[in-house]
Amino acid sequence: MYKCKYILPVKILLVTIIFCFATPGFCLEPAEILVVANRKMEGSVDLAYYYMDQRSIPRSNFLELSLTLSETMTREEYDHTLKKDVLDIIDSLRPRNRIAAIVLIYGVPLKVAPPTPNGDDLERIRQLSINKGANKQEQAKEIDKLRHTNMRAAVDSELALILAGDYELEGWVKNPYFLGFQGESLSLKKDQVLLVGRLDGPDTATVYRIINDSLLVEKSGLQGKAYFDARWPMDKRTNLSGYKLYDQSIHKAAEAVRKRMQVIVDEQDGLFAEKSCPEAALYCGWYSLASYVDSFAWQKGAIGYHIASAECASLKDKKRPLWCLKMLEKGVAATVGPVYEPYIQGFPLPELFFSHLVEGYMSLGESYLVSLPFLSWQTVLIGDPLYQPFAPK
């Protein structure tokens, strides 16, 4: 289960918004998207060109890099190659073309490793590893601190802050777009944040399918049923936190989605049984750690995510039954997941994500951005951020 170390006192604002902020200027347009591919990964550049052609993204908005083929890049490679070159091209496009979003293509690493410890820290780690003391838990915490474990993150979540200058790598940074933080004084402004998503998966065929399914479904709208897998009956109390808050939010998401399609809610401790969810178009549930349950017959264009730790730790290792990987293999067009432990409050809040998605005014990427509490953290959006599966009601 989660190590629920932090509590997020989210106050959900009753706000009616059109996602066309004055600063910066959303709604997101194709000309505002930068596409990044890894020339070392076979098929990455071709996928990038295909996506850009389908969405009419200017060829000038393309960055081709030589990056590691590992799903984890070092902090040094992130800082001196990916971050540097992305900043350079954004600067070169200004002021003629403002970049508001980045789409990472199959082959761009998922994770940024923490900074390498210095010599003294490495020696201290060695000593602690050899000389096991009585308080093993405290030793483990000290080793984690020396290894800068809390500075590792999703590549996508770090790139979202590429315009923010220097910021603290330890832990997370509050997202100024998150609706639960509106009215607070935050360290970041909205114009310092980019929307970042990725078109990725276990193979190139999956990514082409995601692109094509998203385009096709936009013509007629997403059809099917919505499945929400809570663990307890609806708790109507206010000021909930942690698990209780997110379980309540799953129930509220289900209420919002009923305006669009048939909704099935399971409020028992177990998960939906295998093969029990036909015509699945939307999904949110928890908790089956790194153990995908094949419950769903996914509709074309389906969107969903499972709230469990590190479910996006890999998108390439097909032997691992991770929820993000298996959902993509089985047919979803978009999902969300963390690359490491995010704690419960690191996930997009379900009621915000799904309510804005089904209202139809926001795209997939915009719905994700307003529902995500933290950046420089662990969460990744896989799917076309321009995907708009519902027409405005």
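A cavity is a set of points, on a 1 Å grid over the protein atoms alone, where a 1.4 Å probe fits but cannot get out, and its lining residues have an atom within 4 Å of a point. Grid points are joined across faces, edges and corners, and a volume is the space filled by probe spheres set on the points. The model is predicted, so local features need pLDDT of at least 70 and side-chain atom pairs count only at pLDDT 80 or more, while totals for chains, interfaces and linings use all residues. Residues are numbered from 1 along each chain as its sequence is written, and side-chain values use heavy atoms, with hydrogens and water left out.

The count comes to 2 cavities of 30 Å³ or more. The largest cavity holds about 60 Å³ of space. Its lining includes D156, L195, V196, Y368 and L369. At least two lining residues come from each of α5 (155-159), β8 (195-199) and α10 (364-371); helices (H or I, at least four residues) and strands (E, at least two) are DSSP runs, numbered from the N terminus. The lining comprises 8 nonpolar, 2 polar and 1 charged residues. Here Ala, Val, Leu, Ile, Met, Phe, Trp, Tyr, Cys and Pro count as nonpolar, Asp, Glu, Lys and Arg as charged, and the others, Gly among them, as polar.

The second largest cavity holds about 30 Å³. Among the residues that line this cavity are D229, F272, Y283 and W323. Its lining divides into 6 nonpolar, 1 polar and 1 charged.

Just after α4, H148 has a positive phi of about 60°.

The whole structure contains 24 salt bridges, each a side-chain nitrogen of Lys or Arg within 4 Å of a carboxyl oxygen of Asp or Glu. In the salt bridge of D235 with R237, the closest N and O atoms are 2.7 Å apart. D235 is buried, at 16% relative accessible area, whereas R237 is exposed, at 52%. Salt bridges with shared partners also join D156, R198, D200 and K316 into one network.

How values were computed:
1 Å grid on protein atoms, 1.4 Å probe; cavity = no way out; pocket = protein on both sides within 12 Å on 5 of 7 lines; lining within 4 Å. Buried < 20%, exposed > 50% of the residue type's maximum accessible area, 1.4 Å probe, protein only.
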